[in-house]
Amino acid sequence: MELNNELDTFTSEFEQCKDILLALGDENRQHMILEMIKMGKCSGVRVHEIVKKTHLSRVSVSHHLKVLKEAGIVKMRKELTKNYYYFDPDMKSFNMSIKVL
């Protein structure tokens, strides 16, 4: 009976991590994340900066950022008409993942 409870818990927690796993599973998003880290701009980067560092179009970068944002991996802040993307400093989206592992 205890094994079934553990499996149910693991299954539930794994399901909750699905968005993060899907977001990180894409090679283009992995490349974008690495490039954003290499830029070292804690205050955030703009789409055109990521486009310059990757082989991706502006539309593609925007799409991938949306997926990363929906998964809680990146956040966005606005300054007038400019959007800056940065990593979640609290890592709240990963807290659930750490419990599963």
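Helices (H or I, at least four residues) and strands (E, at least two) are DSSP runs, numbered from the N terminus. On that basis the elements of the chain run α-α-α-α-α-β-β-α from the N terminus on. That makes six helices and two strands. This is a predicted model: local features need pLDDT of at least 70, side-chain atom pairs count only at pLDDT 80 or more, and totals for chains, interfaces and linings use all residues. Residues are numbered from 1 along each chain as its sequence is written, and side-chain values use heavy atoms, with hydrogens and water left out.

**Whole chain**

- Of the 101 residues in the chain, 31% are buried; buried means under 20% relative accessible area, exposed over 50%, and partly exposed in between (1.4 Å probe, protein chains only).
- The accessible surface comes to about 7100 Å², and carbon and sulfur atoms hold 57% of it. Areas come from the Shrake-Rupley method with a 1.4 Å probe; for residues, only the protein chains shown count as cover.
- Among contacts (heavy atoms within 4.5 Å) with a separation of 6 or more, 49% come from residues 24 or more positions apart.

**Helix α5**

- Helix α5 covers residues 58–70, 13 residues in total. Its first and last C-alpha atoms are 18 Å apart, close to the 18 Å expected at 1.5 Å a residue. The expected span is 1.5 Å times one less than the number of residues.
- The buried residues of α5 are Ser60, Val61, His64, Leu65 and Leu68. They sit on the same side of α5 because they cover an arc of only 135° around the axis. The arc is that of the directions from the helix axis to the C-beta atoms.
- Exposed Val59, Lys66 and Glu70 are on the face of α5 turned away from its buried side.
- The cover over the buried residues of α5 includes helices α2 (18–24), α3 (27–39) and α4 (47–53), plus strands β1 (74–79) and β2 (82–87).
- His64 has 6% relative accessibility. Leaving out residues up to four places away in sequence, His64 touches Asp26, Asn28, Arg29, Met32 and Leu56.
- Just after α5, Gly72 takes a positive phi of about 85°.

**Salt bridges**

- A salt bridge is a side-chain nitrogen of Lys or Arg within 4 Å of a carboxyl oxygen of Asp or Glu. The count is five.
- Lys38 pairs with Glu35, with the closest N and O atoms 3.5 Å apart. Both lie in helix α3, three residues apart, about one turn of the helix. An α-helix has 3.6 residues a turn, so residues three or four places apart point the same way. Lys38 is exposed at 64% relative accessibility, whereas Glu35 is buried at 12%.
- Glu49 pairs with Lys41, and their closest N and O atoms are 2.2 Å apart. Glu49 is buried at 15%; Lys41 is partly exposed at 41%.
- Glu79 pairs with Arg77, with 2.4 Å between the closest N and O atoms. Glu79 is partly exposed at 39%, and Arg77 is partly exposed at 25%.

- Phe10, Phe14 and Leu21 make a nonpolar surface patch of about 290 Å². Patches are made of residues with over 30% relative accessible area and no salt bridge: like charges are joined within 9 Å, nonpolar side chains (Val, Leu, Ile, Met, Phe, Trp, Tyr) within 5 Å.
- Phe14 belongs to helix α1 (residues 2–16) and is partly exposed at 44%.
- Lys18, in helix α2, is partly exposed at 39%. Lys18 and Ala71 are 53 residues apart in sequence and 8.8 Å apart in space, C-alpha to C-alpha.
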